Amino acid sequence: MRFGTTLIPTLKENPGEARVESHRLMLRAGLIRQLGAGIYTWLPLGLKVLRKVEAIVREEMDAAGAQEILMPSVQPAELWEESGRWQMYGPELLRFQDRGGRNFCYGPTHEEVVTDLARRELRSYRDLPANFYQIQTKFRDEVRPRFGIMRGREFLMKDAYSFDLDEASLENSYRIMVDAYNRIFGRCGLKYRAVEADTGSIGGAFSHEFHVLAESGEDVIASCDGCGYAANLEKAESLMPSETEETCAHVGPMRTVATPGMKTMEEVATFLGCPVSAMVKSLVVEGDGRAFQLLLRGDHELNLVKAAHALGVGTVVLAEPERVTALTGVAVGSLGPVGGRLPLWADRSLAGLTCFIAGANRDGNHVLDGVWGRDCPTPRWVDIRNVVAGDPCPRCRVSPLRLDRGIEVGHVFKLGDKYTRAMKVTVQDADGKERTPIMGCYGIGVSRIVAAAIEQNHDEQGIIWPLALAPFAVELMLVNPREEDSMKVAEALEKELRQGGIDVLMDDRDERLGVKFKDADLLGLPFRAIVGGRSLKEGTVEIQRRGQPEKERIAIAEVAGVLRARIQDEAARGRS
Ligand code: ATP
Ligand code: MG
């Protein structure tokens, strides 16, 4: 491909709207352009990268025995009514009608469609196990589309769905997918981690997310360097403290102190001269039509997913301040465990306090030296907070947990019979009995991988593509395209490389050399060969690896061979 005749609209300036490096660089390098909120056009170079990701995903899915199909984006509402999700899914589902007034949605995912296919086409246990996948455009009307294609509304996903007769067989299908995912993310050159995840409302006992580690990640993942445990915040467990902390020298009777006008815990803590961690904060949540008072250490954060599990309700929401007052009779800032109206559920960490400081359930007052079971009912101890760095690992109980930020690029989980039962899929088993198969589903954010790869691989000047995803392996830069000799050498080199199966972008623009170098750094193609100038007069071409400062002069006749060898070498290392 030639730079001069390809749409590669690079930008000198940082676009104002971009918050993260990958978004900035994808716009600056001319990979994508925005059409509307969360909706993007992929330009030639961006599309080449997307296709490389797709190819890796496709190869590994095929090798894992999954069968590629392509399902429609537009899905009839009836299927979603059968599964119960037409009501459940909420505003992320883009709904519309055809000319006959029939309801449809643009698929955010394809469980219903693939399950409908299964009930029509799978007849017998001999048809199982089966795994169908597609690489296809999804639409989700995200509340906060952001970071470019990282969280788009329209995006490209690989979604796969397995059907098995029993749990052992599903376990095997699941393992095969986990292995394929490890190969896919490895081959993409990503530093990633597989973590245990919450299964949420979809149910099923098992789920893993694959996260690319990056500072800009929206998710936090907890892991243990000691035993290898890794989980997302909804799943990572915090343990019951083993010893009570000495929070007071000696426990006296409970006292009440006036804390007039103090709104935040920090204000109260400063006034009382105690750390925020010695204080108990109260939050009111509601779920399944009931209200609960949750207690947490002042410096800890509530996790709503863990809270819903602990309380045994579907989902919980935090009550607004007015609602809290209506339910408890006091303002939020003075709420506490002593003498309240609501049932108390406390985070396990609070069991470690010999005595506590908390709101007094009287506006503008706090209590000191409160003791569980003496001054208030002993709460139910539950795990409802986000783990923090340094918490003991819940698995090995020895090493401390660490927290890292991650970008979720893949998600695998066991669905069980949720869809097959609701949509009445059955197959005959070996004894001729009708059985309901169980499912697994396996997603990969194909377009998100492109952004995640850039988050992990860039410098001040631009992108540094992992070889496997680079739109071209080599940029051939012409110092002066009007010089006939250089053009001849460049064209011969381009031909030779292409014949060796290497993608080449030739920068044949009649631009200042400085501009071409800047663009080359921005585009971040792994290898660069500079044809012209003094080195050409000496019969050499200068080559350079993006991200490394060294330049080497190689005799013209050997350039293609040297580049091919380096590329093969790097590719082999990437696969191992
Ligand atoms: P998230 O928590 O990031 O919203 P999700 O749990 O909704 O993800 P899944 O339904 O499991 O995602 O979808 C499978 C994969 O699709 C995700 O792992 C992610 O890589 C990708 N993905 C999901 N939503 C988006 C989006 N809005 N833009 C780009 N990729 C997405
Ligand atoms: Mg989502």
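Which atom in the side chain of arginine 151 lies 2.7 Å from an oxygen atom of ligand 1? An N or O atom of that side chain stands at this distance from the ligand oxygen, a polar contact in the sense used here (a pair of N or O atoms within 3.5 Å; within protein, one must be able to donate a hydrogen and the other to accept it, and residues adjacent in sequence count only if both atoms are side-chain atoms).

The structure is a predicted model, in which local features need pLDDT of at least 70 and side-chain atom pairs count only at pLDDT 80 or more, while totals for chains, interfaces and linings use all residues. Residues are numbered from 1 along each chain as its sequence is written, chains are lettered from A and ligands numbered from 1 in the order in which they are written, and side-chain values use heavy atoms, with hydrogens and water left out.

The C-alpha trace of the protein chain spans about 95 × 70 × 50 Å along its principal axes, and its secondary structure comes to 15 helices and 31 strands (DSSP runs numbered from the N terminus, helices being H or I of at least four residues and strands E of at least two). Of the 576 residues in the protein chain, 53% are buried (under 20% relative accessible area, with exposed meaning over 50% and partly exposed in between, for a 1.4 Å probe and protein chains only). Among contacts (heavy atoms within 4.5 Å) in the protein chain with a separation of 6 or more, 68% are between residues 24 or more positions apart.

Around ligand 1 there are 14 residues, of which Arg140, Glu142, Arg151, Gly152 and Glu408 come nearest; a residue is counted here if one of its heavy atoms lies within 4 Å of the molecule. Backbone atoms also approach the ligand: a nitrogen atom of ligand 1 is 3.4 Å from a backbone N or O atom of methionine 150, and a polar backbone atom of valine 409 lies 3.4 Å from an oxygen atom of the ligand.

Strand S8 (residues 154-164) is largely enclosed by the rest of the structure, because 10 of its 11 residues are buried. Strand S7 (residues 130-139) pairs with S8 in the antiparallel sense over 10 bridges, where pairing requires that DSSP find at least two bridges between two strands, and glutamine 134 has aspartate 159 of S8 as its bridge partner. S8 also pairs with strand S24 (residues 438-445), again antiparallel, over eight bridges, and methionine 157 stands opposite glycine 445 in S24.

Glutamate 111, placed in helix H5 (residues 111-121), counts as buried at 4% relative accessibility. Its side chain makes polar contacts with the side chain of arginine 85 at 2.8 Å and with that of threonine 109 at 2.6 Å. Beyond its neighbours within four places in sequence, glutamate 111 is in contact with Arg85, Tyr161, Leu415, Tyr419 and Cys441.

The structure holds zero disulfides, a disulfide being a pair of cysteine sulfur atoms within 2.5 Å. Cysteine 441 is in no disulfide, the nearest cysteine sulfur, that of cysteine 105, being 16 Å away; cysteine 441 counts as buried at 7% relative accessibility. For cysteine 376, the closest cysteine sulfur, in cysteine 355, is 12 Å away and therefore too far for a bond, and cysteine 376 is likewise buried, with a relative accessible area of 5%.

Valine 284, found in strand S14 (residues 279-287), is buried with a relative accessible area of 3%. Residues up to four places away in sequence aside, valine 284 touches Phe292, Val317, Leu318, Ala319, Val324, Leu327, Thr328, Leu335 and Leu342. Threonine 328 is 44 residues from valine 284 in sequence, while their C-alpha atoms are 9.0 Å apart in space.

An open sheet of mixed pairing is formed by five strands in the order S28-S27-S29-S30-S31. Strand S28 (504-507) and strand S31 (551-555) are its edge strands, each pairing on one side only, and the twist averages 25° from one strand to the next (axes being lines fitted to C-alpha atoms, for helices over the stretch in contact, with angles from 0 to 180 degrees between N-to-C directions). Within this sheet, strand S29 (residues 527-531) and strand S30 (residues 540-545) run antiparallel and are joined by four bridges, with isoleucine 530 opposite glutamate 542 in S30. Helix H13 (residues 513-523) lies across strand S27 (474-478), S28 and S29, and runs at about 175° to S27.
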